[in-house]
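Let's take a walk through this model together, one region at a time. Please have the sequence and the 3D view open as we go.

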Amino acid sequence: MSATAVVGKAIPKVDGAEKVTGRTVYIHDLKIPGMLYGKIKYSDRVSARIVSIDTSEAEKVPGVKAVITAYNTPEIRFGFLKDNTALKKDRVRQYRDEIAAVAATTPEAAEEAVRKIRVEYEDLPAVFDPDEALKPDAPRVHQTDARGKPLKDNRLRLPWRVEAGDVKAGEEASAFVAEGEYEVGWVTHCCLGTSGCIASFDPHGNLTMYSNTQIPSLARTDYMEALKAMGLRGRVRVVNAAIGGGFGSKLDTYAHEYIAILLAHRTGRPVKIVFDREEEFFATSPRQPVKVRVRQGCDAEGRLTFREISMVLDNGAYTSWGATTPTVMMMPATSLYRVPNVRFEATCVYTNNTYCQAMRGYGTPQVTFAIECNLDELAEKVGLDPLEMRLRNANEPGEITPQGFKVTTCGHRECIEEVAKRLDWKNKRGRAGQRGAKRRGVGMACLMHVGGGAKIYRSDGCGTLIKVDDFGNVDVFSGSMDIGQGLDTVLRQIVAETLGVGIERVNVIVGDTDVCPWDVGVHASRSTFIAGNSALNAARMVRDQILEFSGQMLEAPPEILALENGQVVCREDPSKNLPLAKVLRRAHFAKIGNTMFMAAHFYEPDTDMLEGEFKGNYSCTYAWGCHGVEVEVDTATGHVEIVKYVAAHDVGRAINPMLLRGQVQGAVMMGIGYALSEEMIFEQGRLRNPNFRDYKILTAKDAVKVEPVIVETEDPAGPFGAKGIGEPGLVPSAPAIANAIYDAVGVRLNRLPLKPERVLRALKEREAPSGPCGALQREG
Amino acid sequence: MAAKGFSYHRPTSLGEALALLADLGPGAVPVAGATDVWVNLRAGKLAPEALVSLRNVPELSGLRKTEHGLALGACVTHAEVEDDPWVAEHFPALHQACSGVGSRQVRNVATVGGNLCNAAPSADSAVGLLLYDAECRIETGIGHRDVPLTEFFAGPNRTVLGPGEVLAEIRLPLPAGRTFAGYRKITRRKAVELPMIGIGARVTLGADGRVAEARIALGVAGPTPLRVRKAEDRLEGELLTREAVAEAAEIAAQQAKVRDSWRGEAWYRREMIRVWIPRILDEAVLSRKG
């Protein structure tokens, strides 16, 4: 590993002090002169025809400046399949459908006006279960697609299928086959900072959107399309406030943003819409529920022969990026462990449930739960320790997976071994002779994820501009965005390292599309890798300019010069060393220079767009990991306590070990919540638990001591060797815990969350499959 | 924020508070920590003409140890109970019940009297207080009346308090003899939770070593927090054996009017009563010995 001054150091987050002292400006804190407050009227029915909307009483509320509906505004279509509209006309398909909106001088007036909007509905049949929705006579959620073409059923026309090798031959060559069905429900991001925006038009019709989006550049494109739909030709600028949590929730644009634009245009005043907590729960898009069927087999020695996965996803009533998560689920499905023959197929189905989105992991937590639980079942059939099963099939550097992924660096095996060692696997697995109500067990599960971007959009690029002033202060304008993951700290480290200055000299500017270059967005754990490479390249260009000029000044070849500790350093003759600031001023003011140093770089990774047959290398490198957990199961209550948790990750290189540990610890907490406690409870399309009391996100008191293990493989494609780590930390938590429960008490739970009721029911049903089980049926 | 259109009053004595409530009439709602009232206001479930804050009324504050037991001002916060080692020693089940409510931030403002007056079937402190035969002193404006806590609740979110009446104090006699007690709320996580079922048990042993007094109380097992007398009867006069406790737990489980809801299934709530009554008493006995 190369010697570095700043990279690889545990530097506290640069925005930490502002955040803990309450100085950070979130969208909630922003006020613009003349600003109005917008509020949305949501549907009272889950599936209905809108017969009439009466806004007359709402309009009379003092302070109300506008009340809009789909009937008095232009139609704005949005979403991945453009099947959603900002305001709903004629019919509603989910409870969160936006029927009308109000702009008023105070939030109270806006709320009162919304309460006074009267809507008359005619109920229509609804469907909530994806399997039901696939039946020929099921009520249809959409009659036509966005272009008006009739749809004959609720199946989304999306080609999510990949096949490689010969699955049939693989199955015939198998000595053992395991088959199972796994089910995961809705969970949501729970951002502490709720969603919101301010839309503001200038007198020339140019729109500024104050936002908290994860995708400033793509959001700008979306808003430009909206202006076009409104018959406007203005420019669009997206300015981000600080983001109080993203996790994928802000990866798309949403109705409330278009509604703010419509209201701002109607009133000629800036309009702010900020969600309250209940709205954040019911009007944002959660992770999609999936039913997964897995079959995989192996030969007599436990080497995998084939894997076949099919799944049905509940898309909800409209289509966002959530419907594309199968393109990422394919990755572990085809390529986690060496499997020669693979088939993957996913069906997304319209229902009258809330529509779904991306959430940290982008589908991989769901599919990894299925694969990794099933792998333990297969190992049991073979009679192999699950640890040994995993080691026999672990991915290796240099392999090309059936889907076409080029594995460069790969610490998969090392991660498994680290977990086994730190968990004392050999002694703790399959403990015999446990007595009393509480039983302990250990389990593990692995993950793979994109670690070097993911080309699921036509460009996976990011631009960076860097300028240096006369004193050695550096401004870095990145297209990427800090959403709390620490991008601003990491970019400072990368640029400071390259220019030989302290990180306090480096400023990172993100989140303003008028100023910052293009970037596809903060997703796919790509920012450290892609934005990092972009910043690194731009910084190298600036460094080369400075060294070139210094060479002229010092009459030395630039090759023997370097930038270190705020100085231009001459390796062969230290007496020639000069302070960087002096060189910069000389370049600026002296005739020989008359220049200031700046550079721009757009980094586009050399990867394949994932489309067509879904084969190719869509990330520059892949991230690997293994989680191991020891649990204690209370067999009388079904309660599962985490005793020890080890999370080993191949991160390429840790640019900032402190932030990295934080990412892993936070992600594991999210993963444990997904495994044990979190669930959005929908009844007939209605969310019953839209608050933190009833939605069981884990609290500080539930925090588990996580032992992160950083495995460094120094990826040649990554900035200073780094890979992405944003998402991987939560991917294998649920299967690791489920496998540990099995080790402890011998019951397999194929449905998340693994809540005490489910664990206890499984234990009771095993004891008396036909006897007292009747007592366990739901009582009326 | 839907909360507007009401006047807000801050009396500084009990007399002033009662007079205000009488003057303002039935549209006035007394409020202490407001952790329930404010949620209801925001949700539009409560639209008072006036809020009368009881937080500055000295007669309602303070936790007093008397020779007979404990007197809690209705405005004593859960945190005050949580922080009191004497209460923890002599009324451990009440201490556990109060210490597990919401989060510390909630416990800093939420009052025990407010928890009782909100009269939720899930009220943690109510179960703890039922175990200790708590009695409620109600100030009526023209005098006062004392009501046992068992008779204080009239139904879900309803009490026997009439218009203009204020719950002033909760009194608990000190159990005589060797006493073991505890409270357990069944929840999925460790904080900010309502109980899926709240379970409390107390036994006080007489000089003969037999159970002189038994109390079994439950939350979320009926329309109000309640005592299960049949389960208590099974223990009283008996030796505290595993068999007797298990049978009492079984009776309590059978008697509990638990329901299926999206918050929890009836069979599981019942099963937890079965499991936890013996565990609570075991733990209480062990901690006394330790």
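Predicted model: local features only at pLDDT ≥ 70, side-chain atom pairs only at ≥ 80, totals over all residues.

Look now at S16 (residues 304-316) and S17 (residues 341-350) of chain A, which pair in the parallel sense over 10 bridges. A handy landmark here is A:Val312, whose bridge partner in S17(A) is A:Thr347.

Further along chain A there is another sheet to visit. Here 4 strands form an open sheet, again with mixed pairing, in the order S18-S26-S27-S30. Strand S18 (438-450) and strand S30 (706-711) of chain A are at the edges with a single partner strand each, so one side of each has no neighbour in the sheet. On average, neighbouring strands of this sheet are turned by 15 degrees against each other, direction ignored. Within the sheet, S26 (residues 622-634) and S27 (residues 640-650) of chain A run antiparallel and are joined by 10 bridges. You can find this pair through A:Glu632, which has A:Glu641 as its bridge partner in S27(A). A helix accompanies this sheet too: H17 (residues 657-677) of chain A lies across S27 and S30 of chain A, at about 125 degrees to S30(A).

Let's turn to chain B. Its domain assignment gives domain 1 (59-173) and domain 2 (178-289), and the centres of these two domains of chain B are 20 Å apart, taken over C-alpha atoms. Between them, 21 residues of domain 1 are in contact with 22 residues of domain 2. On the domain 1 side of chain B, the elements giving two or more residues are helix H5 (92-99), helix H8 (124-131) and strand S8 (153-155). H8(B) provides the largest share, 6 residues. By type, this side of domain 1 of chain B has 12 nonpolar, 8 polar and 1 charged residues.

Finally, how do the chains meet? Contacts link 18 residues of chain B with 24 residues of chain A. The chain B side of this meeting divides into 11 nonpolar, no polar and 7 charged residues.

Methods
Residues numbered from 1 in each chain as written. Chains lettered and ligands numbered in written order. Domains from an automatic or database assignment. Contact = placed C-beta atoms within 7 Å. Nonpolar A, V, L, I, M, F, W, Y, C, P; charged D, E, K, R; others polar. Pairing = 2+ DSSP bridges. Axes fitted to C-alpha atoms, helices over the stretch in contact; angles between N-to-C directions.
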